[in-house]
Amino acid sequence: MSSLEAVWVQPYEQPGAAVVTGVFDILHVGHVRYLRSVAERGLPLVVGVEDDPRVRAWKGPSRPLNPAAERAEVLAELRSVSGVFIVTGPPEAHGPEDYIDLLAPMQPGALAHTAGDPHAGGRCAAAALLGARCWELEMIPGRSTTRIVNAGLG
């Protein structure tokens with residue numbers, strides 16, 4: 001059994017959705033275009049937002065800038081998004097098997113990620129085990145929260 005849990009902010013209970021997980025710390029045009037392009041593939045879009053302790057462990061003590069509940073609230077207001085949940089659990093639980101256990105009850109139709117995602121292989125393996133498609137979408141060049149944060153500090 002997974003040590004990850006989904007805490008629903010905007011529930012979506014139908015099987016077959018496209019699922020995306022991430023930090024989404026400062027929502028920017030890259031996020032919006034990416035999420036819209038996932039939704040345009042024809043499945044309802046469900047977004048998983050990584051919780052604050054997980055983000056802090058991965059990105060350092062100054063992140064996230066916005067709490068998970070607020071990040072999820074903002075995402076829930078996007079037209080392209082049908083459901084939003086917060087991913088909670090220990091930071092070390094980030095392998096494909098952890099996400100398989102987390103996502104299996106949702107019966108996703110697809111798992112989406114951006115090109116260059118260091119976890120793409122694991123995401124596609126998880127999708128295959130879940131009976132879902134694996135969608136890789138282009139990253140929007142020059143658009144990232146890290147870039148925005150670093151520009152503000154420089």
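Student: Okay, which residue in strand 3 is the bridge partner of Ala18?
Tutor: Keep in mind that this is a predicted model, where local features need pLDDT of at least 70, side-chain atom pairs count only at pLDDT 80 or more, and totals for chains, interfaces and linings use all residues. Residues are numbered from 1 along each chain as its sequence is written, and side-chain values use heavy atoms, leaving out hydrogens and water. Strands (E, at least two residues) and helices (H or I, at least four) are DSSP runs numbered from the N terminus. In strand 3, Ala18 has as its bridge partner Leu45.

Student: What handedness does the crossover from strand 2 to strand 3 have?
Tutor: Strand 2 and strand 3 run parallel, joined by five bridges; two strands pair if DSSP finds at least two bridges between them. Between them the chain passes through helix 1, a β-α-β crossover. A crossover counts as right-handed if, with the strands pointing away from the viewer, the path from the first strand over the helix to the second runs clockwise. This one is right-handed.

Student: Which residue in strand 4 stands opposite Val49?
Tutor: Strand 3 (residues 45-50) also pairs with strand 4, in the parallel sense over five bridges. Along that pairing, Val47 stands opposite Val84. Val49 stands opposite Ile86.

Student: What is the order of the strands in the open sheet?
Tutor: There are six strands in it, with mixed pairing. Strand 1 and strand 6 (133-137) each have a single partner strand, so one side of each is left without a neighbour in the sheet. From one strand to the next, the twist averages 30 degrees. The order is 1-4-3-2-5-6.

Student: Why is the pair of Trp8 and Phe85 tilted?
Tutor: A search of the whole structure finds one aromatic pair. Rings of Phe, Tyr and Trp (its six-membered ring) pair if their centres lie within 6.5 Å; planes under 30 degrees apart count as stacked, over 60 as edge-to-face and the rest as tilted. For Trp8 and Phe85 the centres are 5.0 Å apart and the planes stand at 50 degrees, so the pair is tilted.

Student: Is Phe85 buried or exposed?
Tutor: Trp8 sits in strand 1 (residues 5-10) and Phe85 in strand 4 (residues 83-88), 77 residues apart, so to speak linking distant parts of the chain. Trp8 is partly exposed, with a relative accessible area of 31%. Phe85, with a relative accessible area of 0%, is buried.

Definitions and conventions. Buried means under 20% relative accessible area, exposed over 50%, partly exposed in between (1.4 Å probe, protein chains only). Axes are lines fitted to C-alpha atoms, for helices over the stretch in contact, and angles run from 0 to 180 degrees between N-to-C directions.
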